[in-house]
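Visitor: Please take me through the pockets of this model. I would like the terms defined as they come up.

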Amino acid sequence: MAGNVAFMFLCTIMVLGMTPGLGMFYGGMVRRKNALNTMMFCFAMMGIGMLLWVAVGYSLCFGEDHGGIIGNLHYAFLQNVPWTSDSDEVPPMMLALFNMMFAVISPAIILGSLAERMKFSKMMLLCIIWTLVVYYPLAHMTWGGGFLDDPIGSIDFAGGNVIHISTGVSGLVACMILGKRKGFGAMSYHPHNIPLFLIGAAVLWVGWLGFNCGCAGGANEIAILTLANTTISSAASMVVWMLMETILQKKCTVMGAVTGGIVGLVGITPGAGYVPIWSAFLIGAIAAPICFFAISKAKQKFGYDDALDAFGCHGVGGIWGGIATGLFANSSVNAAVPHNGLAFGEWRLFVAQLAASAISIAIAASFTAVIMLILKKCGGVRVSDMEEAQGLDQIEHGERAYPAFNGLD
């Protein structure tokens, strides 16, 4: 047991590092005047998300089932959660802490759609309420014995429905209600610090290995499979993205290559421990063009301001990942797979994956819309045009990321 606990300790710390990594990743993509505000959104969730999880989150996700939708409060404040285990299994308290890191980073992903124009206080309220009414129920439905597991029969190894589809779709709905940034469509928005973006991406990429492999529950053969699949999918997606940019734009960009790697990670997450290694090449290679055209074409065509492409990467990539799991999952690589995927001649899992994705989309979209509309009625959700022009670092926090910088933004 000691080896498995040590493994889960490492994975938990790696996943915790993903949230500040996401802050750097997002912070590098916005303009100078909004860099601190963007990073602060992510860092704030490390405090708020952890306290929520300890108070009620773990219990609502993994407590006794109520109606297939939510757990009870038997484990509130982590009471009654065993610290030890009589078998080789990792103690429940260790798993509770590992899963806490998922709950911390998930609402922070939504920021990618709302950057540079939302009030800090309202973003925090959105994250808190969204976590309670969207994330916790979806986590219970999927991993805590809820109806997406039985009777729907879907599987989600590390968070395709629970994290990526829910945050991506919520980001899309929220940004449409929030409205576009001032000057969107009439001016170009350039990332102010690509090296910072690259560092953040590197932290995310390494943390993602702990994110996916930790869902194996210990240092076992499924963790090895997960590591291989995660690595292969991200590499395949990155290379395909680079090739597409070279062919279509005659240049291979740093931001494009990194984005390709990220969408490969998103795409493999739902099936990382369920699919054979050869399929990881296909999952990553197909994720790249799907997300590429969602970001470069769909956003332009429909005119929504998904500022940092949370929907284009996480929403679209997560939907593809859920479908791909229904195509390629196989019980020969993981006995936990209830039915083989469509590629192996069985259809039940594929249908279950489609149903779970549709339900996750509906839950995320409807509840996010309600939350945003209520917040909009309660004092508004975005800063004024003047405040947006001045920059949210100074307006919301009274600080500047680059106090000696006097040039144009």
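**Pockets and their linings**

Guide: Helix 9 gives five residues to the lining of the largest pocket, the most of any element. The model is predicted, with local features needing pLDDT of at least 70 and side-chain atom pairs pLDDT 80 or more, while totals for chains, interfaces and linings use all residues. Residues are numbered from 1 along each chain as its sequence is written, and side-chain values use heavy atoms, without hydrogens and water.

Visitor: What volume does the largest pocket have?

Guide: A pocket is an open set of points on a 1 Å grid over the protein atoms alone, where a 1.4 Å probe fits, with protein on both sides within 12 Å along at least five of seven lines; lining residues have an atom within 4 Å of a point. Points are joined across faces, edges and corners, and a volume is the space filled by probe spheres set on them. For the largest pocket this comes to about 1,000 Å³.

Visitor: Which residues of the lining are closest to the centre of the largest pocket?

Guide: The lining has 36 residues. Closest to the centre are Y189, I295, K299, A307 and D309.

Visitor: Which helix gives the most to the lining of the second largest pocket?

Guide: This pocket has a volume of about 750 Å³ and is lined by 29 residues. Helix 1, helix 2, helix 3 and helix 4 each give two or more. With four residues, the most is given by helix 3.
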